[in-house]
Amino acid sequence: MEKITVKAKYAVRGNVKAPVLWSNEPISFWGTVDPQSGLIRDNRHPNYMQNMSQKVFCFPTPKGSSGTGLIILEQIRTSCAPAGIINLRSDPVVLTGPIIANRFYNVKIPVVNLSEEDYMKLENAKEAEFYEDKDEITIYY
């Protein structure tokens with residue numbers, strides 16, 4: 001399997017290696033993601049009917065609701081949360097869920113931000129790996 005390493009800015013740290021689910025569109029978890037399954041259920045989203053559960057979910061930016069963190073926490077409770085999150089730019093609506101999960105449930109969902117150039121390298125990736133102690137991720141093809 002071919003691999004490359006790219007620089008990453010970590011918002012939440014953790015060690016994870018998981019399959020990639022990539023999107024070129026922003027997403028709001030509230031009303032778009034089924035918190036009981038991890039399924040993307042908004043038929044207007046390009047990842048409609050794909051499941052983020054136990055995958056590294058890559059989306060450029062979040063959009064919308066402050067309820068996103070609550071959806072991620074519910075996904076953790078129902079064991080269908082993403083294994084990691086990669087953005088161009090994360091904001092507090094996304095970070096709330098992984099930060100609370102780490103602090104109160106000892107569940108680590110790493111969140112990183114990449115440059116636009118490096119983000120586009122994820123489009124055809126099979127897996128991504130995060131590191132607790134490095135400012136990089138590895139992308140596998």
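Tutor: Start where Ala128 stands opposite Ile139, a residue of strand 8. The model is predicted, so local features need pLDDT of at least 70 and side-chain atom pairs count only at pLDDT 80 or more, while totals for chains, interfaces and linings use all residues. Residues are numbered from 1 along each chain as its sequence is written, and side-chain values use heavy atoms, with hydrogens and water left out.

Strand 8 covers residues 136-140. Strands here are DSSP runs of E with at least two residues, helices are runs of H or I with at least four, and both are numbered from the N terminus. Two strands pair if DSSP finds at least two bridges between them. Strand 7 (residues 127-130) is joined to strand 8 by four bridges, and the two run antiparallel. Five residues lie between strand 7 and strand 8, which form a hairpin. Strand 1 (residues 3-7) is also antiparallel to strand 8, with five bridges joining them. In that pairing Lys3 stands opposite Tyr140.

Four of the five residues of strand 8 are buried, so the strand is largely enclosed by the rest of the structure. Buried means under 20% relative accessible area, exposed means over 50%, and partly exposed lies in between (1.4 Å probe, protein chains only).

Contact means heavy atoms within 4.5 Å. Leaving aside neighbours within four places in sequence, the contacts of Ile137 include Ile4, Thr5 and Val6. Glu129 and Phe130 are also among them, as are Ile86, Val112 and Leu114.

Ile137 belongs to the largest nonpolar core, which has 43 residues; together with Phe29, Ile86, Leu114 and Leu122, Ile137 is among those that touch the most other members. Strand 3 (residues 16-22) gives the most to this core, with five residues. A nonpolar core is a set of buried Ala, Val, Leu, Ile, Met, Phe, Trp, Tyr and Cys residues joined through side-chain atoms within 4.5 Å.

At Tyr140 there is a charge to note: Lys17 lies over the face of this ring, 4.2 Å from the ring centre. Arg13 has its charged end over the ring of Tyr10, at 4.5 Å from the centre; Tyr10 is one of the contacts of Ile137. A charge sits over a ring if NZ of Lys or CZ of Arg is within 6 Å of the ring centre and within 35 degrees of the ring normal.

Aromatic pairs complete the picture. Rings of Phe, Tyr and Trp (its six-membered ring) pair if their centres lie within 6.5 Å; planes under 30 degrees apart count as stacked, over 60 as edge-to-face and the rest as tilted. By this rule the count is five pairs. One of them, Trp22 with Tyr119, is tilted, at 5.8 Å centre to centre and 35° between the planes. These two are 97 residues apart, Trp22 in strand 3 and Tyr119 in helix 3 (residues 116-120), and the pair thus links distant parts of the chain. Trp22 is buried at 15% relative accessible area, and Tyr119 is buried at 2%. Elsewhere, ring pairs link Phe29, Phe57 and Phe59 into a cluster, and Phe29 is another of the core members named above.
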